[in-house]
Amino acid sequence: MMYRRTFLEIGGAAAAAAAVGCGRKPSTGTRTVKTYCEMCFWKCGVLATVRDGDVVGLAGNPDHPLSRGRLCARGFGGIAALHDPDRLKTPLIRQGARGEERFQTASWSAALDHSAEALDRVRRERGPEAVAGIIHGQTAPHLHHLLHAFGTPNIAEPAYAECRGPRDAGFQLTFGIPVGSPECTDIANARVLVLLGYHLGENMHNTQAQDFAAALSKGAKVIVVDPRFSTAASKSDWYLPIRPGTDIALLLAWIHILLAENLYDREYVDRYAIGLKELRESVAEATPQWAAGVADVFEDDIISSAHAMAAAKPAALVHPGRHAGWYGDDVQRSRAIAILNALLGSWGRNGGFLPPVSPTVPKYPLPPIRESSKPSVDGTGTTYRFATMKRATGMVEGTESAKPYPVKAWIVGGSNPLQSIPNTAQTHRAINRLDFLMVVDILPAEIASYADVVLPECTYLERYDDLHVGAFREGFVALRQPAIEPMYDSKPGWWIARELGRRLGLSAWFPWANYEDYLGKRLEGFGVTIDEMKQRGVILAGGKSAEIPLDYNFETPSGKIELYSKQLADAGFDPIPRYTAHPQPGPGQFRLVFGRSPLHTFGRTQNNPALAGIQPENEVWINSRAAAERGIEPGSRVLLVNQDGASAGPARARVTERIRPDCVYMVHGFGHSARGMRFARGKGASDSDLVTRYAVDPIMGGTGKFVNFVRVEKV
Amino acid sequence: MARYAMVIDLELCLGCAACVTACQVKNELGPRRSRARVAEVASRKGARLHLNFYSERCNHCADAPCVRNCPTGASHYAEAGLVSINRSRCTGCQACIAACPYSARYISAEGYADKCDFCGGREPACVANCPSSAMYFGDLDSPASEVARLLKTRKSRVPRPESGTRPHVFYLTSRKQERA
């Protein structure tokens, strides 16, 4: 992250434009609107201050369990997102070739008619399954409902296979329940917190950052495993700068120590778990000495950190992380993390994992939807048996290969598959196979350049979305409601979905006159009126998480924690995680790893004038010695070229001892090329352009992305 | 007599920059300005790396060069040691900007010198919002205040002590780093 010792950029076109708008009219009074945030996926409670029809203030809602009166840096960027001059302002219909970014402005009725005709043609010619959706954020539920009613099984979010899917599968296989979002971790009460590549504080999840600080102030010990000396590493008591790709070896060694030295929670394991004998046999050879060699960390650190975990058990939390799509054996790594937690007795214990609670809010009563009899094209349910959601990467694969059947149209909403899905060349080839591509978004990101129709969605401050029924340590229901009317000719996602649905003969599944009607009906079953909900913003309900009882029944086939997984064995996979060596970079190469900044969300905020003002570009982190060998100095412009000749950049080099010499790191989401994003275009490098290869997790189809090797060239 | 001070715990600061954008929004500065910033400082102690984030702003110095060097008296001391700017008396001459060793000031779009005003002495937006609760604000002269207690019980430092400005923003140093 750029933290220069200067204040934000002063002057420039944007500042001048803002200054012109500063001649304020006398105020007609202010009001506060309670809603929830969409600057990332965490959905914190927000108090929006509205004055003279404009949003002038944002604050964290103190009553909301995810924000507790505080917002992250990005949250405050909501106002700049609202006022971003590059917002999509009106529907667009493509004029030039795909990618040429030549569009004709259109009325909503023309754009929707055009879209409905194109989608209907695909449906008539090939069936509804030939339409796929790649969607994200709170736009997703509306489009998901539309696509589901339309009759396609091909609906995916890049939040699953590409991100937390492998982790959730690993925990589901072990404990019978995924980690969930927000994670059901009790960080604040952990006495030892273990983070593997999980850069808490940089991946700014508000509640987790608050909990992390609470744990630190209570004296929690922190063990950080990361090839990069992260912010979290700077707070740590043990820092293990691991060789990328070897986490499973380290985890197995920790398990080995707990078992060999009899340091595990025996009573807990006897009561709740099965497969200890098999586990013991499986890790017998995984000595700390062996792991130290494999992972390139000190044996003493492996042993002493294991002892620290054991001393703190059960409040020893080995965090499962979130973005888990690394090397293609990510379910097994997550299984190893889950098993380690089981040995520490931390699942179902304060300071570990607490099963989430949530209130029951009925769905809006609708006629049943006839499910498609065809499999989805992404391989879930057939090849990837343990997937619980569809694979966005798989939708691209299936579209490109036209197997098991052709996909001829995409609906993309709130996502930019040219960044969020690896192998952009494959994505381009898939797009070339489409008869129709519709994009619903706020900004004209790269995917919009290839769209046949672009539909401008309004920002979260201008719209209703579905209720957020929170599954967390405290149950809650939160409302997204507009603070102001939509600006320009933008529309809420729910309206776009309904209007398309009506044009596609799906009116029966979109009976609501407006979204208050929809929300009111759902809330009726919850015992609250829409007016009360609008006034309160968030309602706590559903109780609080608690430690599990002695007779707790895990939702696994055995009802126990499955250290040994018969489910995996039966499917032909390792029932207990094993370490497999991954290729390491060759001479002159670095492994490319990437992560998050607290100022940006995916590729969705780089054009935000407020957030770009603080962090306008990403940097390529490169080890000082490796940089010196190449004549690269701090701030040098460097180009990255991967093993397949794909390149990204130039971007500035961040020459630092804070990273191993065998990898380079950058923050994901930069290097935009879309002409319509004036603040983001050409800033920094796109890691996505370098991820030409990915390793698919055979268990659930996860997308492992840290498998590319790059050269770094000074330009 | 009251003396306002800000205390920031380096042990807890995650460098998330929420202070920067909270300030921007609370003070309605527009999308490209803030009166706060975060500086990231990495260092090495033997084999160990140290990393600290400094959330920075006007230090409301007890001996403020900006006040001394202001030709019109626009920069002045208000109640409780707050270094304040009388906008109508500011000519935008930038003498204060040149004098400040902390680069804490800038010329606003309206032409006057601007900077952090500790949100007028109420709980500043950055402190109230800090996700990691690393920031404290209060009266240094009130022994019961959290800021006074923290400065008594924890080691702290101020930026550029050699400039003799006696800043009123204090950073509590990391005990883990000192032990290491």
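How many residue pairs are in polar contact between chain A and chain B, with both residues at pLDDT 80 or more? In this predicted model, the count between the two chains is 13 such residue pairs. The points below cover the interface and then the aromatic pairs.

**Interface between chain A and chain B**

- The contact involves 58 residues of chain A and 51 residues of chain B, and the two chains bury about 4,200 Å² between them, with 57% of that area on carbon and sulfur atoms.
- Five salt bridges are counted between chain A and chain B, including one between A:Glu657 and B:Arg44, whose closest N and O atoms are 2.4 Å apart.
- Several elements of chain A each supply at least two residues of the side that touches chain B, among them helix H1 (12-20), strand S3 (54-60) and helix H23 (609-614), while the largest share, seven residues, comes from H7(A).
- By residue class, the side of chain A that touches chain B divides into 34 nonpolar, 13 polar and eleven charged residues.

**Aromatic pairs**

- Over all chains, a search of the whole structure finds 29 aromatic pairs.
- One of them joins A:Phe41 and A:Trp42 edge-to-face, at 6.5 Å centre to centre and 65° between the planes; A:Phe41 is buried with a relative accessible area of 17%, and A:Trp42 is buried with 4%.
- The ring planes of A:Tyr327 and A:Phe706 stand at 70° with the centres 6.3 Å apart, so this pair is edge-to-face; the pair links distant parts of the chain, 379 residues apart, and both residues are buried.
- Ring pairs also link a cluster whose members include A:Phe171, A:Tyr268, A:Trp347 and A:Phe554.

Technical notes:
Residues numbered from 1 in each chain as written. Chains lettered and ligands numbered in written order. Predicted model: local features only at pLDDT ≥ 70, side-chain atom pairs only at ≥ 80, totals over all residues. Heavy atoms only, no water. Contact = heavy atoms within 4.5 Å. Buried area = accessible area lost by both parts, 1.4 Å probe. Salt bridge = Lys/Arg side-chain N within 4 Å of Asp/Glu carboxyl O. Polar contact = N/O pair within 3.5 Å; in protein donor to acceptor, adjacent residues only side chain to side chain. Helix = DSSP H or I, 4+ residues; strand = E, 2+ residues; numbered from the N terminus. Nonpolar A, V, L, I, M, F, W, Y, C, P; charged D, E, K, R; others polar. Phe/Tyr/Trp six-rings, centres within 6.5 Å; stacked < 30°, edge-to-face > 60°. Buried < 20%, exposed > 50% of the residue type's maximum accessible area, 1.4 Å probe, protein only.
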